[in-house]
Amino acid sequence: MNRPQAIHDISQYQRSVTMKGKNNLTSVEVSHINQETVDLNELEEKFIQARSAILALQQKDGHWCFPLEADCTIPAEYILMMHFMDEVDVVLENKIARFIRDKQDMNHGGWPLYYDGAFDISCTIKSYYALKLVGDSPEDAHMKRAREAILQRGGAAKANVFTRLLLAMYQQIPWRAVPVVPAELIFLPKWAPFHLSKVSYWSRTVMVPLSILCTLKAKAINPKKVDIRELFITPPEEEQNYFPKPDTLLKRVFMAVERLLSRYEPKLPQSLRQAAINSAEHWVLERLNGECGIGAIFPAIVNAHEALALLGYSYDHPSRAKCRNALRGLLIDEGERAWCQPCTSPVWDTVLTSLALQEDLETDQEPVHRAMDWLVKQQVLEAPGDWRDKRPDLAGGGWAFQYANPHYPDLDDTAAVAWALEQGGLERHEYALERAANWLAGMQSKNGGFAAFDIDNVYHYLNEIPFADHGALIDPPTSDVTARCVGLLGKYGKHQLEVWRGIGFLLREQESNGSWFGRWGTNYIYGTWSVLEAFYLAKFDMQHASVRRAVQWLESVQRVDGGWGETNDSYLDEKIAGQFLKTSTTFQTAWAVLGLMAAGEVKSESVRRGINYILSQQEHNHLWDEPWFTAPGFPRVFYLRYYGYSKFFPLWALARYRVLTRD
């Protein structure tokens with residue numbers, strides 16, 4: 001299994017985790033747990049209140065959409081983008097600056113990748129630069145703390161590739177400090193070691209416009225001519241160690257090839273160069289995607305926006321306007337401060353909220369039907385999606401994560417929507433359900449698993465190239481997405497061969513401790529819930545040894561307060577799978593409880609304690625809220641806080657428990 005490797009020593013963290021499950025409790029605590037019951041009157045009252053509260057958040061057209069927060073690189077890059085283009089909205093940048101200042105960690109002085117996380121040098125460099133562009137003085141206390149923290153860790157030369165690329169375009173470091181990303185990459189044939197179809201959708205949509213910027217050696221306008229030379233230990237033009245020393249033979253080979261290419265890339269024939277830029281430009285224009293932008297993700301939209309400006313597109317050109325409006329659509333304005341989302345999540349939020357509300361089909365389902373009607377309108381049926389590169393004859397039928405992203409429907413959203421449609425049982429949704437199931441079955445990889453967007457995207461060697469220091473260049477099959485697809489196809493009942501191949505993949509992927517890795521949710525608790533839910537939907541034997549091992553693992557990591565919690569640090573070290581030093585969380589408790597109930601454990605002590613924890617955390621608005629980040633965008637380097645997770649997942653767990661314990 002290709003797991004992220006530990007990148008720093010967290011043995012101290014491991015030693016400080018004292019609660020590792022019920023087996024570590026005292027006899028008095030165990031006795032108390034054995035006597036714990038759920039107050040059914042309290043359950044009924046709080047469930048009804050939560051259901052009403054979440055229904056009040058439904059949009060008029062039937063959908064839900066909650067904010068989606070990433071680390072401060074995204075709002076910082078919004079400010080940097082405005083200064084790159086010399087299109088500065090002073091009011092907006094000051095609002096964003098307030099948000100960035102509020103997120104600085106006072107303990108280590110920098111900015112983390114997720115709430116209460118460790119110092120991250122690249123996020124801190126971008127945040128510092130953005131604040132300096134806005135007008136913060138390097139002598140301000142918060143800027144001094146950040147600068148000292150950066151210098152203590154080797155200075156800005158130690159930033160990751162994407163940060164160094166930005167600094168090169170701002171003329172803060174020489175172009176030799178970054179990997180070469182020539183536009184000619186678009187001409188490489190499919191049989192070549194590198195081809196656009198061999199990398200993930202998010203890599204594709206970021207790289208192609210970025211290749212235009214790199215090929216033309218873009219220069220930020222930077223109207224105030226702000227620099228950050230104070231963040232370098234060695235003057236940036238003299239620094240010789242921008243690239244980490246390769247630690248494997250493959251990395252050494254790729255580094256040698258890249259450095260050779262960087263030397264000869266400027267000497268390529270001008271006719272070839274211009275043809276490559278034209279092809280990259282056409283590729284970007286084809287995927288601009290209306291008001292949601294290329295790929296419907298912030299980094300790709302910014303790169304496209306800047307690339308089009310560099311190519312001479314005027315400010316009011318329709319293509320520039322599309323990019324600009326897409327970026328504005330990602331902003332969250334809180335009044336005194338503002339921030340930028342990495343993307344929006346309406347389809348995912350809508351279907352998960354609907355699944356929570358569907359747990360009790362005896363309650364009013366009209367709001368869910370309206371949500372399903374909205375979702376069906378979003379289905380991608382005939383768009384020229386990139387999935388056709390490997391399945392040219394596969395008819396569409398998927399859903400994207402965002403409001404619009406027709407080139408890139410994803411399997412996770414599609415499986416979840418189809419699950420809700422099948423559960424809803426409305427005749428008017430049967431065609432959409434059939435198209436979705438057929439599309440999913442056609443997207444299965446050779447190993448039986450399902451990836452987020454692609455088929456057989458398993459070119460792991462590409463994560464060794466200098467450009468890919470984030471380790472997320474590809475989109476291989478994962479347990480959580482496979483689980484969602486297996487669950488839906490098993491429930492639907494018409495693709496049993498694909499179901500059993502998927503189950504085989506999941507059985508092979510189970511960790512030695514009984515859990516499953518959660519690629520798209522934090523982490524082993526999420527992965528384990530996803531698989532147990534899928535096994536239940538597919539009518540797999542819930543007494544199978546793999547299921548029983550998963551149940552034992554979930555029970556072993558339950559915390560003293562009855563809840564579950566897992567830190568994002570488990571992506572760095574699997575030894576702390578399912579553990580969190582700080583607290584339990586309601587969304588992870590809900591995942592664990594839902595997984596246990598899917599495995600038939602509704603009457604267990606663990607489930608009762610988990611339900612009581614969720615009930616105890618309900619807030620005055622009758623929902624739940626907590627600051628913890630809930631999922632990785634890319635493990636180890638990019639994390640997300642889905643604001644909806646602390647709302648609909650606890651509701652979902654209460655709803656299922658309420659139904660299964662009903663007299």
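Trainee: In this predicted model, at what angle do the axes of helix H14 (residues 346-358) and helix H16 (residues 411-424) cross?
Mentor: Two packed helices are described by the angle between their axes and the distance between the axes. For H14 and H16 the axes come within 9 Å, and the crossing is left-handed. The angle at which these two axes cross is roughly 35 degrees.

Trainee: How many nonpolar residues does the contact of H14 with H16 have?
Mentor: On the H14 side the contact involves Val 347, Trp 348, Val 351, Leu 355 and Gln 358, and these meet a set of H16 residues that includes Asp 412, Asp 413, Ala 416 and Trp 419. By class, this contact of H14 with H16 holds three polar and two charged residues, and its nonpolar residues number eight.

Trainee: How are H12 and H13 oriented to each other, roughly parallel or roughly antiparallel?
Mentor: The axes of helix H12 (residues 298-310) and helix H13 (residues 318-328) come within 9 Å and cross at roughly 150 degrees. Angles over 145 degrees count as roughly antiparallel. H12 and H13 are therefore roughly antiparallel.

Trainee: Which residues of H13 make the contact with H12?
Mentor: The crossing of H12 and H13 is left-handed. From H12 the contact draws on Phe 298, Ile 301, Val 302, Ala 304, His 305, Leu 308 and Ala 309, and from H13 on Ser 319, Arg 320, Cys 323, Arg 324, Ala 326 and Leu 327.

Trainee: How far apart are the end C-alpha atoms of helix H18 (residues 479-492)?
Mentor: H18 is mostly covered, with 13 of its 14 residues buried, and just after H18 Gly 493 takes a positive phi of about 90 degrees. At 1.5 Å a residue, the 14 residues of H18 should span 20 Å, which agrees with the distance between its end C-alpha atoms, 20 Å.

Notes:
Residues are numbered from 1 along each chain as its sequence is written. This is a predicted model: local features need pLDDT of at least 70, side-chain atom pairs count only at pLDDT 80 or more; totals for chains, interfaces and linings use all residues. Side-chain values use heavy atoms; hydrogens and water are left out. Axes are lines fitted to C-alpha atoms, for helices over the stretch in contact, and angles run from 0 to 180 degrees between N-to-C directions. Helices (H or I, at least four residues) and strands (E, at least two) are DSSP runs, numbered from the N terminus. Angles under 35 degrees count as roughly parallel, over 145 as roughly antiparallel, 65 to 115 as roughly perpendicular and the rest as oblique. A crossing is left-handed if the near helix is turned anticlockwise from the far one by less than a right angle, and right-handed if clockwise. Contact means heavy atoms within 4.5 Å. Ala, Val, Leu, Ile, Met, Phe, Trp, Tyr, Cys and Pro count as nonpolar, Asp, Glu, Lys and Arg as charged, and the others, Gly among them, as polar. The expected span of a helix is 1.5 Å times one less than its number of residues. Buried means under 20% relative accessible area, exposed over 50%, partly exposed in between (1.4 Å probe, protein chains only).
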